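I set aside some time to go through this structure and jot down what I looked up. My notes are below, in the order I made them.

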Amino acid sequence: MNKCTVTDLRKMTFDKHIKPYKFHSCGIDTTIDDWSHLCLVFVHWLIQSGFITVVKLPVPNHARRGKYFINIKPRHRIQERDGYWQSVGPYHIDTKYNANAHIKNILSTLRYLGVSSPQFQLSFHAD
């Protein structure tokens, strides 16, 4: 597939047949293994770009019902809520979501952090 901007992502629908393939930023193409890996690469990009700091945490997930997408600790506001936490530096990312929710989390994180013109693109492939 072609490179998709954040504007493109807002218009797209994702299901189990569409998989992330590459994260493109600053002339570097990072191969993506799966949706969870995409979120880890995205958070790494946020760190490298200076968009996220500990004081901006926690970042709620797209639904904003007590679950966090990114936190300094591997837990949600309601600790009994389920999650699959993975780390990037000092940050913990809940990667237990379906394809569409992963994209919604990325888009809502950009809004939450006030990143209006993110300089990255994504490529996908379909099964």
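**Entry 1: before starting**

I am working with a predicted model, so I read every value here as computed.

**Entry 2: helix H3, its length**

I began with H3, which runs over residues 99–113. I wanted to know whether its end-to-end distance was in line with its 15 residues or out of line with them. At 1.5 Å a residue the span should be 21 Å, and I find the end C-alpha atoms 22 Å apart, which agrees.

**Entry 3: the ends of H3**

Next I looked at what sits at either end. Asn98 caps the N-terminal end of H3, with a side-chain oxygen 3.2 Å from the backbone nitrogen of Asn100. Just after H3, I noted that Gly114 takes a positive phi of about 75°.

**Entry 4: how enclosed is H3?**

How many of the 15 residues of H3 are buried? I get 11, so the helix is largely enclosed by the rest of the structure.

**Entry 5: cysteines**

I searched for disulfides, taking two cysteine sulfurs within 2.5 Å as the cut-off. The count comes to zero. Cys4 is in no disulfide, as the nearest cysteine sulfur, that of Cys39, is 16 Å away. For Cys26, the closest cysteine sulfur belongs to Cys4 and is 18 Å off, too far for a bond. Are Cys4 and Cys26 buried or exposed? Cys4 is buried, with a relative accessible area of 7%, whereas Cys26 is exposed at 74%.

**Entry 6: the salt bridge**

Last, I went after charged pairs. Side chains of opposite charge can pair when their charged atoms come close. I find one salt bridge in the structure. Which side chains meet in it? They are those of Lys19 and Asp127, at 3.3 Å from N to O. Lys19 lies in strand S1 (residues 18–25) and Asp127 in the segment after S7, so the pair ties together parts that are 108 residues apart in sequence. I also looked up accessibility for both partners. Lys19 counts as partly exposed at 28%, and Asp127 is exposed, with a relative accessible area of 64%.

Note on methods
Residues numbered from 1 in each chain as written. Predicted model: local features only at pLDDT ≥ 70, side-chain atom pairs only at ≥ 80, totals over all residues. Heavy atoms only, no water. Helix = DSSP H or I, 4+ residues; strand = E, 2+ residues; numbered from the N terminus. Expected span 1.5 Å × (residues − 1). Buried < 20%, exposed > 50% of the residue type's maximum accessible area, 1.4 Å probe, protein only. Polar contact = N/O pair within 3.5 Å; in protein donor to acceptor, adjacent residues only side chain to side chain. Salt bridge = Lys/Arg side-chain N within 4 Å of Asp/Glu carboxyl O.
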